[in-house]
Amino acid sequence: MTDISRTRAMFSDMLSLPRGKYIPVDVAASGAIGFARGAFAVSYDRDLISVPGCGVYDGLPDMELVLDDERRKGWQAGTEIALGDLQINDAPFGLCPRGILKRAVQDWTDLGYRPMIGLETEAFLFQRDEDGIWRPYDTPGAFVYGTGPENDPKDVMDDIWEAAHAAGIPIESMNGEFDNGQFELTLRFDHALKACDDAFLMKTMAREIALKKGLLLTFLPKPIPDRGGSGLHVNFSFSDGDGNNPIAPTGALSELSKHCMAGLIHHHEALAGLLATTVNSYDRLSAGSLAGYWANWADDHRLVTTRCSTKSAKSARLEHRMADCATNPYQAVAAVLQAARLGYENKLPLQPAEDLDGLENVREKRHIPSGLDKSLNALDKNVALRKAVGEAYCDALLYLKRDEFKRLLGKSVDDVRDFYLPFI
């Protein structure tokens, strides 16, 4: 890269906020940048709370962002991106989302499989009215799978596409989603860490480009009560020792795939505490929605939580549809991979596929808890999943999110939306 004058060192925290520092390129070359561990103990409304592991009553000690050797292209003039892993005293920091993903990848690698991930993100655009209030983007001619000015009269998605291309963020597709002002931005399949790095940077970049145009791109799960929700679909497959995809090598689901889906279904309620981590998330997750409400699965069925595609042995995949983009992508993928691994290692049997429409009729009785508080309780009780993801991480997340739930208890739908909207 030429004409680079600064490095933007970045990491994503438990609130999925892009924390970081601008530093000179020669300082970045040292390989590690210090931050206060207390960054993980700050709520959306900037209160400092005693999250376990953050050292709030120990002087808010340091952690280090140990940078990757590779630098990525940025989308700001003269700026490169440096990502890395958080450490304390030369050991992994248990609250680092990228760290728990690396652990999940290693757990699968030890079994002979390398996880491959494709992430689908959805978001709404908002514009300010004459009173300075954020209102839905004015797109009267928009329609699902729409492209062009009818769906995006201010060309926001065009600018995001060009910036992503220049920054090496691999967009697979981009289109208008179901509702006016809603868009889907899908990233290409890649190795799990690269896929999540891409998703983290894409979300950050897209929001910043929209803001420079005077608009707000929000990945909030349900920003408009009477419109559809926005999700984060986690598509995954594996590469085995021979470089083959073991999901459906003969055109039918493998035993590996069946056990993976069984694990996701077995841990369904607790997964909500890791994948649907805002109060607003539960406005999106409901019966009859195209989201991960029921503890079920089916082949090529968008009304179930775990959908599989087996038409091509090479591109066969499993798709988990519960998460939303308020959730840190590293956390979401780590949780899905670990629940799937527990199913595989314990050889859990897979229940019959859902064969009803999912809109008005469904066979499954189990579903996600009715709110964030209950999902956090389900996660707290699920010792196996907590250990798999990381107990220190889950303990901190539970503390942080229970505090958040209490702050929003009794608030109106609009108050909850406005609490999250500037950040997600």
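Colleague: Among contacts in the protein between residues at least 6 apart in sequence, what percentage join residues at least 24 apart?

Modeller: Contact means that heavy atoms lie within 4.5 Å. By that criterion, 71% of the contacts in the protein between residues at least 6 apart in sequence join residues at least 24 apart. This is a predicted model, in which local features need pLDDT of at least 70 and side-chain atom pairs count only at pLDDT 80 or more, while totals for chains, interfaces and linings use all residues. Residues are numbered from 1 along each chain as its sequence is written, and side-chain values use heavy atoms, with hydrogens and water left out.

Colleague: How many helices and strands does the protein have?

Modeller: Helices (H or I, at least four residues) and strands (E, at least two) are DSSP runs numbered from the N terminus. The protein has twelve helices and 17 strands. Its radius of gyration, taken over C-alpha atoms, is 21 Å, close to the 22 Å of the globule rule (2.2 Å times the number of residues to the power 0.38) for 424 residues, so the protein is as compact as a globular protein of that length. Along the principal axes, the C-alpha atoms fill a box of roughly 55 × 55 × 45 Å.

Colleague: What share of the residues in the protein is buried?

Modeller: Buried means under 20% relative accessible area, exposed over 50%, and partly exposed in between (1.4 Å probe, protein chains only). Buried residues make up 57% of the 424 residues. The accessible surface, from the Shrake-Rupley method with a 1.4 Å probe, comes to about 17,500 Å², of which 49% belongs to carbon and sulfur atoms.

Colleague: Which residues of helix 6 are buried?

Modeller: Helix 6 spans residues 268–275 and is mostly covered, with seven of its eight residues buried. The buried residues are H268, A270, L271, A272, G273, L274 and L275.

Colleague: With which residues is A323 in contact, leaving aside its neighbours within four places in sequence?

Modeller: A323 is in contact with G231, L232, L275, R284 and A332, with those neighbours left aside. L275 is also one of the buried residues of helix 6. A323 itself lies in the loop between strand 17 (317–320) and helix 8 (329–345), and it counts as buried at 1% relative accessibility.

Colleague: Where is A36 found, and with which residues is it in contact beyond its neighbours within four places in sequence?

Modeller: A36 belongs to strand 3 (residues 32–36) and is partly exposed at 40% relative accessibility. Apart from those neighbours, A36 is in contact with L60, P61, D62 and M63. A36 and L60 are 24 residues apart along the chain, and their C-alpha atoms are separated by 6.2 Å.

Colleague: What is the phi of L60, and what is that of R46?

Modeller: L60 has a positive phi near 50° although it is a residue other than glycine, and R46, not a glycine either, has a positive phi of about 70°. L60 is found in the loop between strand 3 and strand 4, and R46 is found in the loop between strand 3 and strand 4 (62–67). R46 is exposed at 66% relative accessibility, whereas L60 is partly exposed at 33%.

Colleague: How many disulfides does the structure hold?

Modeller: A disulfide is a pair of cysteine sulfur atoms within 2.5 Å. The structure holds zero disulfides. For C96, the nearest cysteine sulfur is that of C196, 12 Å away; for C325, it is again that of C196, at 11 Å. C96 is buried at 4% relative accessibility, and C325 is buried at 5%.

Colleague: How many aromatic pairs does a search of the whole structure find?

Modeller: Rings of Phe, Tyr and Trp (its six-membered ring) pair if their centres lie within 6.5 Å; planes under 30 degrees apart count as stacked, over 60 as edge-to-face and the rest as tilted. The search finds 15 aromatic pairs. W108 and Y113 have ring centres 6.2 Å apart and planes at 75°, so this pair is edge-to-face. W108 is buried at 0% relative accessible area, as is Y113 at 17%. W108, Y113, F236, F238 and Y344 form one aromatic cluster.

Colleague: Which charged end sits over the ring of Y344?

Modeller: A charge sits over a ring if NZ of Lys or CZ of Arg is within 6 Å of the ring centre and within 35 degrees of the ring normal. The charged end of K347 sits over the ring of Y344, 4.3 Å from its centre. Likewise, the charged end of K21 sits over the ring of F35, 4.9 Å from its centre.
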